[in-house]
Amino acid sequence: MKFEDVALGIDIEDISRFKGKTPEKDKDFLTRIYTDDELEYSFKSSKPEGRLCARFCAKEAVVKALSEFNISDVYYSDIEISNKEDGSPQISVEKYPNIKFKVSLSHCKSYATASVIAYRTGN
Ligand SMILES: CC(C)(COP(=O)(O)OP(=O)(O)OC[C@H]1O[C@@H](n2cnc3c(N)ncnc32)[C@H](O)[C@@H]1OP(=O)(O)O)[C@@H](O)C(=O)NCCC(=O)NCCS
């Protein structure tokens, strides 16, 4: 593994930005940022704003990490955050299958945050 093939990104956001959003009222905003599965997962919660905000942070953190590889053509909806069976999050970006990600999310009452490590492989 080469040092220049590893990149890091982080973001923190105020959860209040996402409070009161609904799939009906905010369809354009939500579908510009999130995939259908992310919206389904987030709105399963009684407090979807925390999950929406954490996923927004993860997407921003991915964009930051990818900029270290001089990649600037990945948009929010290209970045898919899903949860494994144990609840832990994972990221995939279909456009760049050769880049693998590690992600960690956290949300409390007011803020959500995400840290992302990107690893560029040879294939
Ligand atoms: C997983 C755990 C560390 C989350 O910590 P927390 O302080 O409650 O909540 P945080 O806001 O910091 O983190 C929440 C995020 O952790 C992530 N997460 C959940 N399970 C995880 C796991 N096993 N490993 C890593 N991350 C995990 C998720 O992304 C979650 O956010 P999301 O629901 O929006 O996807 C905590 O619940 C824990 O220690 N659980 C012990 C194991 C457990 O109880 N498992 C339940 C299955 S029976």
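**Notebook: aromatic cluster and hairpin**

I began with the rings: Phe18, Phe29, Phe56 and Tyr76 are joined into a cluster by ring pairs. I note that the model is predicted.

I searched the whole structure for aromatic pairs and found three. One of them is Phe18 with Phe29, a tilted pair with 6.5 Å centre to centre and 45 degrees between the planes.

I looked up accessibility next. Phe18 counts as buried because its relative accessibility is 1%, under the 20% cut-off. Phe29 has a relative accessible area of 25% and is therefore partly exposed.

I turned to Phe18 and Phe56, whose ring centres are 5.5 Å apart; with the planes at 55 degrees, this pair is tilted. Phe56 belongs to helix α3 (residues 48-67) and stands 38 residues from Phe18, which lies in the loop between β1 and α1. I recorded both Phe18 and Phe56 as buried.

I also checked for charges over ring faces. Lys21 lies over the face of Phe29, at 4.7 Å from the ring centre. Arg51 lies over the face of Tyr41, at 3.9 Å from the ring centre.

Last, I examined the strands. Strands β2 (residues 79-83) and β3 (residues 89-93) run antiparallel and are joined by five bridges. Ser82 stands opposite Gln90 in β3. The two strands, β2 and β3, form a hairpin with five residues between them, and I noted a positive phi of about 95 degrees at Gly87 in the turn.

Note on methods
Residues are numbered from 1 along each chain as its sequence is written. This is a predicted model: local features need pLDDT of at least 70, side-chain atom pairs count only at pLDDT 80 or more; totals for chains, interfaces and linings use all residues. Side-chain values use heavy atoms; hydrogens and water are left out. Two strands pair if DSSP finds at least two bridges between them. Helices (H or I, at least four residues) and strands (E, at least two) are DSSP runs, numbered from the N terminus. Rings of Phe, Tyr and Trp (its six-membered ring) pair if their centres lie within 6.5 Å; planes under 30 degrees apart count as stacked, over 60 as edge-to-face and the rest as tilted. Buried means under 20% relative accessible area, exposed over 50%, partly exposed in between (1.4 Å probe, protein chains only). A charge sits over a ring if NZ of Lys or CZ of Arg is within 6 Å of the ring centre and within 35 degrees of the ring normal.
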